[in-house]
Amino acid sequence: MQIQTPDWVKHAVFYQIFPDRFAKSKQPRKRLLQNFMWEEWHEIPTLQGYKGGDLWGVMEQLDYLQDLGINAIYFTPIFQSASNHRYHTHDYYQVDPMLGGNPAFKELLDAAHDRNIKIVLDGVFNHASRGFFFFHDILENGPHSPWLDWFKIEGWPLSAYDGNFPANYAGWDGNRALPEFNHENPEVREYIMEIAEYWIKFGIDGWRLDVPFEIKTPGFWQEFRERVKAINPEAYIVGEVWEDAREWLDGSQFDGVMNYLFAAPTIAFAAGDRVDLAQIEGRSYHPYPPLFAKEYGDKIQQVLELYPWPIQLTQLNLLASHDTARLLSIAGGDKASVELATLLLLTFPGAPSIYYGDEVGLPGALDPDSRRGFPLQASWELDVLDYHKQLIALRHKYAALRTGAYQILFAEGTVYVFVRILGDEEIVVAVNVATEEANISFEVANLKSPHDKLLFGKGDFVWKGEGETRHLELMLPARSGLILGSGK
């Protein structure tokens, strides 16, 4: 089959926002909770506390995001829920009133679209919450409820809150707060399809799908794709799959997945033995043990060969998310590791995703610490913000960095060099992860451009010879990277 993926994603730089923690509106707004005592914004977050971020606050930060170079936002869940992360959905048709409800979301959506910023929402369709109306009816009415077959009821009585008794229903990951839908029921299937359609018609630009691998009903995700794409063929469908995702990336289901297969080796190469093992414990990606350049290149080549090229260009590439510790904390606080990994992220095929706050040096251990409030400007690491802006601007400027072929030129010891090629445009990227300067020389016979301009980073370079005997000599400082392009 011919694989069709949304063109805009290939040119997108995403920004992932955890709505309770990114921005609280500074304007007086009509909100249900006017005088609530929110958790202190800059204190370490707790599992259950709210800090009061809202969608109006995001709207007020669109200038900041646009200046950074962001042209797509992925929101973790925004629907009504009794949890600060909102993965416990109460009502799929209502944006949480704490965030401003449906009117605030419509206002934000319009404001973002006016700036050509796309909006992707998080869809939690494997399970709902025990406060979800249809499940709550079962809690109230037991076996008399008309909604019994919507969930996986295993016995009576149900125990939704008391862990001393068996739940008697299936909850995601054994969590009784998250009753699993029965996707074999055609009514459940139709209900989820209609939710997906409703918000696409409302104007969103795509869905990020929470734990989609848990839904094993044959044809479910194929139908989901058909119905979403029938409304908007350019809608983005991206799944949360941490490992080999070929099963879902054949062109009939998702356009991409959250690319932890890229994140893990990239962190293992850039941070090496600085990785704090406590911050990756229990996670199903493996940014450890350390990798040298050849091993890194081998792993990247494997990742690039896993999926068809149109899918590679619409992968959601990331280094951290709300489900991991923040990159700075994974790297044991080492800023150079973060910069090197970010350089590799923003020059890789697929859509890069920046986790809110990473661009200003925000640390954070595993959940809930990785979901801190966005820092005050006085606490920003301005050099980190600066290189994010530089790299994002280069990605927007050079089409080769977005859709060009990816070819490894050199991968030995601590030095990794590759080129992105699109037509006559060639961009060379080099990284040295060692704690000492590296001097290397290698043949580059197949490159056409002169590459005489340092676009990013520091180091010296010399081109020698012509055609078949052309060589590139690089002098790379310790823990550094650079980007070379032609002077045109």
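**Briefing: rings, helices and a buried loop residue**

At 13% relative accessibility, F134 counts as buried, because the cut-off for buried is under 20%. This is a predicted model.

**Aromatic pairs**
- The structure contains 53 aromatic pairs.
- One of them joins F133 and F134, with ring centres 5.7 Å apart.
- Their planes stand at 75 degrees, so this pair is edge-to-face; the cut-off for that class is over 60 degrees.
- F133 has 51% relative accessibility, so F133 counts as exposed, whereas F134, at 13%, counts as buried.
- W199 and F202 also form an aromatic pair, and this one is tilted.
- The centres of W199 and F202 lie 4.8 Å apart, with 55 degrees between the planes.

**A charge over a ring**
- R326 places its charged end over the ring of Y356.
- The distance from that charged end to the ring centre is 4.6 Å.

- Helix 6 runs through residues 186-202 and holds both W199 and F202.
- W199 and F202 are 3 residues apart, about one turn of the helix.
- An α-helix has 3.6 residues a turn, so residues three or four places apart point the same way.
- W199 is buried, because its relative accessible area is 0% and the limit is under 20%.
- Helix 4 (residues 101-114) packs against helix 6 at an angle of about 50 degrees.
- The axes of helix 4 and helix 6 are 11 Å apart.
- Helix 4 and helix 6 are therefore oblique to each other.
- On the helix 4 side, the contact is made by N102, F105, K106 and L109.
- On the helix 6 side, Y198, W199 and F202 make the contact.

**Helix 13**
- Helix 13 (residues 382-397) has 16 residues, so at 1.5 Å a residue it should span 22 Å.
- The end C-alpha atoms of helix 13 are 22 Å apart, which agrees.
- Its buried residues are V384, L385, Y387, H388, L391, I392, L394 and R395.
- The cover over these buried residues includes helix 3 (62-68), helix 12 (335-345) and helix 14 (400-403).
- Strands cover them too, including strand 10 (351-355), strand 15 (453-457) and strand 18 (480-485).

**A buried residue in a loop**
- T314 lies in the loop between helix 10 (309-312) and strand 9 (316-318).
- T314 counts as buried, because its relative accessibility is 0%.
- Leaving aside neighbours within four places in sequence, T314 is in contact with T5, P6, V9, K10, Y236, D255, G256 and G350.

Definitions and conventions
Residues are numbered from 1 along each chain as its sequence is written. This is a predicted model: local features need pLDDT of at least 70, side-chain atom pairs count only at pLDDT 80 or more; totals for chains, interfaces and linings use all residues. Side-chain values use heavy atoms; hydrogens and water are left out. Rings of Phe, Tyr and Trp (its six-membered ring) pair if their centres lie within 6.5 Å; planes under 30 degrees apart count as stacked, over 60 as edge-to-face and the rest as tilted. Buried means under 20% relative accessible area, exposed over 50%, partly exposed in between (1.4 Å probe, protein chains only). Helices (H or I, at least four residues) and strands (E, at least two) are DSSP runs, numbered from the N terminus. A charge sits over a ring if NZ of Lys or CZ of Arg is within 6 Å of the ring centre and within 35 degrees of the ring normal. The expected span of a helix is 1.5 Å times one less than its number of residues. Contact means heavy atoms within 4.5 Å. Axes are lines fitted to C-alpha atoms, for helices over the stretch in contact, and angles run from 0 to 180 degrees between N-to-C directions. Angles under 35 degrees count as roughly parallel, over 145 as roughly antiparallel, 65 to 115 as roughly perpendicular and the rest as oblique.
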